[in-house]
Amino acid sequence: MKSLKKLASEQKGRYYSLFVLAIMLGVLIVLQSYMIVTIVDDLFLAKQTFDQVFPMLLGLMVVLLARVSLSYGNGKIGVAMAANVKAVFRKRLLKSYASQTLSASYKGQLGQKVSVMMDAVDELDSYFSKYVPQRIVSSVVPLIILVVVFSQHLYSGLIILVTAPFIPLFMAIVGGLTQRKSEAQLDSLSAFSGRFLDTLQGLVSLKLYGKSRHYKSVIERSSLDFRDTTMAILKVAFTSSLMLEFISMLSIGLVALELSLRLVVFNEISFFTAFFILLLVPEFFTSLKDLGSAFHAGRSSMGAAVKIEDELKKEDRSASWGANKMPDGPRTIELKNVQFQYDADGFMLKKIQASIKPYSQVAIVGKSGSGKTTLLHVIAGLLPQTSGTILVDGHDRFNYAEHEWFGHISYITQHPYIFAGTIEENIALGVQATKDEIRKAAAKAGIDQMVQSLPNGYATVIGEGGRGLSGGEKQRVALARAFLKHPSVVLFDEPSTGLDLFTEQRLHESMKELSKTSTIITVAHRMQTIKDADHILFLEEGVLLAQGTHEYLKESNPSYRELFSAQREEEK
Ligand SMILES: Nc1ncnc2c1ncn2[C@@H]1O[C@H](COP(=O)(O)OP(=O)(O)OP(=O)(O)O)[C@@H](O)[C@H]1O
């Protein structure tokens with residue numbers, strides 16, 4: 001990731017406007033002090049009347065208004081810079097999350113990802129909205145003031161020159177500490193968010209196992225951790241403000257002492273010069289002190305930037321898709337020496353060789369944990385193979401554009417995701433379809449009757465915050481999505497838990513209907529599905545042990561026979 005400094009200077013227009021505003025601000029500060037001194041000098045020493053100084057007073061009002069407007073403009077540019085950078089980072093994070101493969105997206109806690117996306121990106125704000133504008137102001141304004149002070153009185157200029165460097169020196173020492181503490185704070189915030197969301201999602205399981213009290217204390221502990229790290233940062237912030245205040249007060253005091261000695265005791269300078277310098281010096285230190293607080297906020301942003309960088313850098317083997325279009329029609333899929341491994345020493349699919357003919361019904365079978373779902377994910381393109389090739393109609397699948405491939409397949413998982421919305425919206429899922437088409441798709445999926453019986457029919461709100469659906473109903477909503485899409489390949493993860501006979505029958509009929517126009521690849525658990533399949537892929541510990549029809553495998557493969565008899569026993 002580019003440094004935050006570079007990101008700021010890349011917004012050239014805004015960056016240079018900040019410089020112009022800072023120069024104008026410096027000139028106005030000098031002008032304001034000059035006018036105040038002139039008015040006081042004219043009124044009290046030159047004994048002029050109020051009418052005589054009135055034009056100068058008006059001028060002072062204009063200068064003050066202009067100064068306020070410049071500060072406002074300065075802040076506004078900073079906020080615009082921050083908004084721009086935050087939008088860029090949120091887009092990059094979203095893109096990174098969206099392009100992640102299944103296995104990468106399962107890694108880490110959801111709450112932690114939300115925390116990086118929301119809190120860490122928000123934390124960048126202060127660097128651009130506070131630190132950058134203040135850094136520019138603080139590098140220009142004190143310089144202008146210093147030149148003016150030197151032009152008026154050499155010794156006051158020298159005192160400032162000697163004491164001022166203590167402020168940046170102190171800021172540099174505190175800065176490193178702040179960044180480390182802010183990284184720790186974001187760590188504990190994302191741990192807290194992760195734990196909180198995890199507990200919320202698993203609340204039912206926790207209650208069932210009587211562990212909700214234990215998890216309450218886990219959440220409490222991580223919230224206290226977050227409190228402690230936040231307090232540690234505040235402690236540094238308060239100490240740093242105190243020190244900055246101390247240094248600047250000491251310097252102003254020294255200048256005031258020196259000026260008063262020269263004015264009263266030695267009578268070396270005029271009241272005008274002494275008062276003018278005395279007004280400018282606090283402005284000088286205020287500008288540096290403001291940089292001190294902005295620097296503190298900026299360092300917290302740097303801690304957040306490290307967190308975001310870590311998240312964006314996370315290793316992911318996402319597939320690189322091509323740009324080819326995929327024609328409609330029947331589809332042949334060939335797996336050539338396809339291998340896949342989750343992690344370096346994780347589960348592995350080994351050298352899978354298979355050919356899937358158009359409109360065939362393929363069943364993937366094997367014991368639990370043999371790699372059936374993994375193979376289905378690899379065929380679906382959700383997990384890119386680590387080696388080997390998948391040919392679709394004779395061409396490498398990854399030569400096609402990603403949206404072309406996914407536009408031609410449907411994948412029905414065991415637990416399809418139901419979005420918060422109406423049943424109609426959930427079936428259409430972004431596809432342009434008439435009410436009639438949605439109804440027909442639902443009827444083919446065997447869910448039309450159930451939906452019609454609901455008081456609000458297809459307008460019933462389901463998903464989060466709405467009515468729940470049973471596992472079988474969810475799969476039928478997913479089937480209706482498939483009927484509406486007319487895919488050439490349907491990948492189906494058959495429910496492994498017992499469905500009632502009626503639901504099973506409906507699912508079976510729907511799959512038969514889909515098989516008229518699509519190739520069906522099913523992770524099969526039911527005997528009926530296995531018997532109906534034209535081709536069976538029999539997996540054992542990631543190895544494609546055998547393939548063929550049910551009858552052939554039963555005759556030729558003892559392991560398959562064993563699995564088959566176990567299955568038969570189970571379904572008796
Ligand atoms: N995201 C993952 N990261 C690492 N290992 C995984 C991941 N998902 C699954 N595995 C492992 O891969 C192996 C195969 O899992 P898979 O889900 O493909 O088996 P399966 O045959 O479909 O099992 P079941 O019939 O029980 O659903 C298992 O040992 C599992 O622990």
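pLDDT is the predictor's confidence in each residue, on a scale from 0 to 100. Across the protein, pLDDT averages 86, and 94% of the residues reach at least 70. Confidence is highest in helix H2 (residues 12–45), with a mean of 94, and lowest in helix H4 (residues 102–106), with a mean of 65. Where pLDDT is low, the predicted coordinates should not be read in detail. For the model as a whole, the scores are ipTM 0.96 and pTM 0.66.

Now turn to strand E1, which spans residues 333–341. Strand E2 (residues 348–356) runs antiparallel to E1, and 6 bridges join the two. One of the residues to look for is Ile333, whose bridge partner in E2 is Ile356. Follow the chain from E1 to E2 and you trace a hairpin, with 6 residues between the strands. E1 also pairs with strand E4 (residues 387–392), again in the antiparallel sense, over 5 bridges. Here you can find Gln339 bridged to Ser387 of E4.

The largest nonpolar core holds 61 residues, and Ile364, Ile427, Ala480, Leu491 and Ile521 have the most contacts inside it. Helix H17 (residues 471–485) supplies the largest share of this core, 7 residues. A second, separate core has 59 residues, among them Leu18, Val149, Phe192 and Phe295.

Conventions: Residues are numbered from 1 along each chain as its sequence is written. This is a predicted model: local features need pLDDT of at least 70, side-chain atom pairs count only at pLDDT 80 or more; totals for chains, interfaces and linings use all residues. Two strands pair if DSSP finds at least two bridges between them. Helices (H or I, at least four residues) and strands (E, at least two) are DSSP runs, numbered from the N terminus. A nonpolar core is a set of buried Ala, Val, Leu, Ile, Met, Phe, Trp, Tyr and Cys residues joined through C-beta atoms within 7 Å. A residue is buried if 20 or more other C-beta atoms lie within 10 Å of its own, exposed if 12 or fewer, and partly exposed in between; C-beta atoms are placed from the backbone.
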